[in-house]
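Hello,

I am handing over a structure for you to look at. Please open it first, then read my notes below.

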Amino acid sequence: MGSWNWERASELLPLMLEGLRILLFVTAVASVIALGLGLVVAIVNRSAPRAVTMPLFAVMEFIRNTPVLVQAVFVWTLMLMISGTSASAMWTGALVLGVHYASYTAEAYRAGIDGIPKGQWEAITALSLPKPRAWFAVLLPQALRKSTPALGNYVIALFKEVPILSAIGVAEMVTQVKGYAGIHYGGSLEGFTIAGLIFLVISYPVALLMRKLEKRLAN
């Protein structure tokens with residue numbers, strides 16, 4: 001392995017900052033999908049008949065128990081076969097990551113919903129509250145309070161998994177380092193070191209914030 005080269009590091013930095021912009025965009029889109037879809041799945045699992053919840057459970061289990069890399073390549077290939085042209089790797093990757101993590105956030109929401117005291121459910125029934133009002137005015141505010149720390153941790157995990165999407169050509173930071181190293185036959189040491197530091201600088205403060213939030217919500 002060669003020694004550290006500051007000139008290569010300075011050449012890589014602009015490329016990696018562009019990759020970071022794409023990485024943050026994919027993280028934001030995928031997080032919106034994961035948090036929104038996971039909530040819908042949790043509510044449907046709680047309120048729909050078994051004819052709906054059983055197939056939904058099977059789909060979520062399949063998604064949760066297969067690698068996100070395999071899912072990304074499969075969806076990318078499927079979209080290519082259907083459309084005949086390459087779809088946007090960035091949007092495809094965000095969709096796959098979002099749906100994959102929705103299978104986890106749904107479980108976090110479920111745990112929050114299950115943590116609501118039985119008396120709350122009995123009071124809703126006794127008052128004959130309409131379902132939408134019961135969910136949005138009574139149940140979800142309590143469930144979200146219990147689920148927020150776990151949801152925050154899943155968003156951090158999702159952020160750190162975006163480099164997997166380099167397999168379908170998403171030009172995030174790691175892809176930029178690989179591309180540079182392939183052309184210049186060097187720069188991997190500098191690039192992956194900088195990438196690791198950038199991940200640490202972004203992830204660690206968010207993780208500390210989540211711990212503080214978890215302690216605050218527990219009181």
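V68, Q71, A72, V75, W76 and M79 in α3 meet A89, T92, V96, L97 and H100 in α4. Contact here means heavy atoms within 4.5 Å. By class, this contact has eight nonpolar, three polar and no charged residues. (Ala, Val, Leu, Ile, Met, Phe, Trp, Tyr, Cys and Pro count as nonpolar; Asp, Glu, Lys and Arg as charged; the others, Gly among them, as polar.)

A word on the source. This is a predicted model: local features need pLDDT of at least 70, side-chain atom pairs count only at pLDDT 80 or more, and totals for chains, interfaces and linings use all residues. Residues are numbered from 1 along each chain as its sequence is written, and side-chain values use heavy atoms, without hydrogens and water.

Back to the pair. Helix α3 covers residues 68-83, and its axis is 10 Å from that of α4, at an angle of about 135 degrees. (Axes are lines fitted to C-alpha atoms, for helices over the stretch in contact; angles run from 0 to 180 degrees between N-to-C directions. Helices are DSSP runs of H or I, at least four residues, and strands are runs of E, at least two, numbered from the N terminus.)

Next, the UniProt record. Its unreviewed entry lists residues 20-45, 66-91 and 192-210 as "transmembrane region". Such annotations may be inferred rather than shown by experiment; positions follow the numbering used here, and feature names are shortened. In the model, residues 20-45 are 100% helix and 0% strand, with end C-alpha atoms 36 Å apart. Residues 192-210 are also 100% helix and 0% strand, and their end C-alpha atoms lie 26 Å apart.

Best wishes
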